[in-house]
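Please take a moment to look over the sequence and the model side by side. The paragraphs below will then lead you through the structure step by step.

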Amino acid sequence: MGTMFVVSLGAAYTGSQWRRLREVGQSILTLKAELKPIAETLERTSTQNATKIELEGKIAALTATRTSLASQNLRDTHWAMGSVLLGIGTSFAIEGPVNTYMRTGKLFPGPHLYAGAGCIALWSLAAALTPQMQKGNDAARTGHIAFNTLGLGLFAWQLPTGFEILTNVWNKVPWV
């Protein structure tokens, strides 16, 4: 579970970087639009020359950032991490209660179980928004980020309770 949490953090990071890459592109277009009227002016004042140089510098810096981010293949990495998390997380969310029931003959409903179910529901909802995000729907992007942020919070909260459950099980197993 610790590894899955680290992968969750990695997916959050690559997702935020992918978003940053898209936003850098928009910033470059905005700066170029500001630069165009100044560049077309034949007789510029010293203030206009300074503004032109400043805008060109910002565009160059953002272009370098964009090139660096684009070379990292962020979209595919984020998608792969999210797919692995959803698949393995769903499997563990089913395996955990089944294992408990098979060993003890009963379930122990509590915060850990409910948080795990919540994580899977939130991750599934976030994944369901992906097709709309690919079509440019910003509301879907905001929902995707919100669902994953809540899911990551539940996952972080679930780690200590899971460790407590693990130590209880190990204390009752004769081979340990």
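First, some ground rules: the model is predicted, local features need pLDDT of at least 70, side-chain atom pairs count only at pLDDT 80 or more, and totals for chains, interfaces and linings use all residues. Residues are numbered from 1 along each chain as its sequence is written, and side-chain values use heavy atoms, with hydrogens and water left out.

Let us begin with helix H1, residues 2-40, and helix H6, residues 138-172, which pack at an angle of about 155 degrees with their axes 11 Å apart. Helices here are DSSP runs of H or I with at least four residues, numbered from the N terminus. Axes are lines fitted to C-alpha atoms over the stretch in contact, and angles run from 0 to 180 degrees between N-to-C directions. H1 and H6 are therefore roughly antiparallel, a label for angles over 145 degrees. On the H1 side, the contact (heavy atoms within 4.5 Å) involves Met4, Phe5, Ser8, Leu9, Ala12, Arg19 and Arg22, and on the H6 side Arg141, Ile145, Leu152, Phe155, Ala156 and Leu159. Sorted by class, this contact of H1 with H6 holds nine nonpolar, one polar and three charged residues. In this sorting, Ala, Val, Leu, Ile, Met, Phe, Trp, Tyr, Cys and Pro count as nonpolar, Asp, Glu, Lys and Arg as charged, and the others, Gly among them, as polar.

Is Arg141 buried or exposed? Arg141 is buried, with a relative accessible area of 15%; buried means under 20% relative accessible area, exposed over 50%, and partly exposed in between, using a 1.4 Å probe and protein chains only. Leaving aside residues up to four places away in sequence, Arg141 touches Arg22, Met133 and Gly136.

H1 also packs with H3, at an angle of about 150 degrees and with the axes 9 Å apart. That makes H1 roughly antiparallel to H3. Among the residues in this contact are Met4, Val7, Ser8 and Trp18 of H1, and Leu74, His78, Leu85 and Phe92 of H3. By class, the contact of H1 with H3 has nine nonpolar, eight polar and one charged residues.

Now follow H3 itself. Its 31 residues, at 1.5 Å a residue, should span 45 Å, and the end C-alpha atoms are 44 Å apart, which agrees. The expected span is 1.5 Å times one less than the number of residues. The buried residues of H3 are Leu74, Leu85, Gly89 and Thr100, and what covers them includes H1, H2 and H4. After H3 comes Gly105, whose phi is positive, near 80 degrees.

In the loop between H2 and H3 sits Asn73. Asn73 has a positive phi of about 55 degrees although it is not a glycine, and counts as partly exposed at 42% relative accessibility.

Our last stop is H4, residues 111-128, whose 18 residues should span 26 Å; the end C-alpha atoms are 25 Å apart, which agrees. Which residues of H4 are buried? They are Ala115, Gly116, Gly118, Cys119, Ile120, Leu122, Trp123 and Ala126. What covers these buried residues of H4 includes H1, H3, H5 and H6.

Technical notes. Helix = DSSP H or I, 4+ residues; strand = E, 2+ residues; numbered from the N terminus. Parallel < 35°, antiparallel > 145°, perpendicular 65-115°, else oblique.
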